[in-house]
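This briefing is meant to be read with the sequence and the three-dimensional view side by side. Please look at both before going through the points, which are grouped by topic.

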Amino acid sequence: MAYNLDLTKRIEATLGLFPEEFVQKKMFGGIAFLYKGKMTVGTINQDVMVRVIGTKMETVLQMAHVRPMDFTGTPMKEFVFVSEGGYQTEEQLHYWVELGLEHAKNKLGE
């Protein structure tokens, strides 16, 4: 798989607005951004992949341009893909980054 370099750069710029430090890592055939070892957001092909707290999954999956992250025929727990229409603006992209960071912090007990 490949990833969208322009989208990855946009995510990097958005992450730069946060005081937290993120690490970039190749994952799932794309690029993922981790906070203290926990995946937050990333890019695969033209999609943004996002970790979402389980209690928010139902609501997030009802949003336009969002679908479960599915590699094997079974959706991955607490992961979604967001297609291009869902991250066109910087405000939209910022929302997905915040959601992914929220998931990581929740898993870390922060």
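The coordinates come from a predicted model. Helix 1 (residues 5-15) and helix 3 (residues 90-108) have axes that come within 10 Å of each other, and Thr43, a buried residue, is in contact with several residues, including Leu7 and Ile11. The count of aromatic pairs comes to three, and two of these pairs are described below.

**Helix 1 and helix 3**

- Two packed helices are described by the angle between their axes together with the distance between those axes.
- For helix 1 (residues 5-15) and helix 3 (residues 90-108), the axes cross at roughly 70° and come within 10 Å, which means that helix 1 is roughly perpendicular to helix 3, since angles of 65 to 115 degrees are counted in that way.
- On the helix 1 side the meeting residues are Leu7, Arg10, Ile11, Thr14 and Leu15, and on the helix 3 side they are Glu90, Leu93, His94 and Val97.
- From C-alpha to C-alpha, Asp6 and Gly16 are 15 Å apart in space, while in sequence they are ten residues apart.

**Thr43 and its surroundings**

- Thr43 belongs to strand 3 (residues 38-44), and with a relative accessible area of 0% it is buried, because the cut-off for that class is under 20%.
- The side chain of Thr43 makes a polar contact with the side chain of Thr8, at 2.9 Å.
- When neighbours within four places in sequence are left aside, Thr43 is in contact with Tyr3, Asn4, Leu7, Thr8, Ile11, Gly30, Ile31 and Met49.

**Aromatic pairs**

- A pair of aromatic rings is described by the distance of the centres and the angle of the planes.
- Among the three aromatic pairs is the one formed by Phe22 and Tyr35, which is tilted, with 6.0 Å centre to centre and 50° between the planes.
- Phe22 lies in the loop between helix 1 and strand 1 (23-27), whereas Tyr35 lies in strand 2 (residues 30-35), so this pair ties together parts that are 13 residues apart in sequence.
- Tyr35 is buried, with a relative accessible area of 6%.
- Phe28 and Phe79 form another aromatic pair, edge-to-face, with 5.6 Å centre to centre and 80° between the planes.
- This second pair links distant parts of the chain, with Phe28 in the loop between strand 1 and strand 2 and Phe79 in strand 6, 51 residues apart.
- Phe28 counts as partly exposed at 29% relative accessibility, whereas Phe79 counts as buried at 6%.

**Positive phi angles**

- Most residues other than glycine have a negative phi.
- His65, in the loop between helix 2 (57-61) and strand 5 (66-70), has a positive phi near 75° although it is not a glycine, and it is partly exposed, with a relative accessible area of 41%.
- Glu78, placed in strand 6 (residues 75-82), likewise has a positive phi, of about 65°, and is not a glycine.
- With a relative accessible area of 11%, Glu78 is buried, because that value is under 20%.

Definitions and conventions: Residues are numbered from 1 along each chain as its sequence is written. Side-chain values use heavy atoms; hydrogens and water are left out. Helices (H or I, at least four residues) and strands (E, at least two) are DSSP runs, numbered from the N terminus. Buried means under 20% relative accessible area, exposed over 50%, partly exposed in between (1.4 Å probe, protein chains only). A polar contact is a pair of N or O atoms within 3.5 Å; within protein, one must be able to donate a hydrogen and the other to accept it, and residues adjacent in sequence count only if both atoms are side-chain atoms. Contact means heavy atoms within 4.5 Å. Axes are lines fitted to C-alpha atoms, for helices over the stretch in contact, and angles run from 0 to 180 degrees between N-to-C directions. Angles under 35 degrees count as roughly parallel, over 145 as roughly antiparallel, 65 to 115 as roughly perpendicular and the rest as oblique. Rings of Phe, Tyr and Trp (its six-membered ring) pair if their centres lie within 6.5 Å; planes under 30 degrees apart count as stacked, over 60 as edge-to-face and the rest as tilted.
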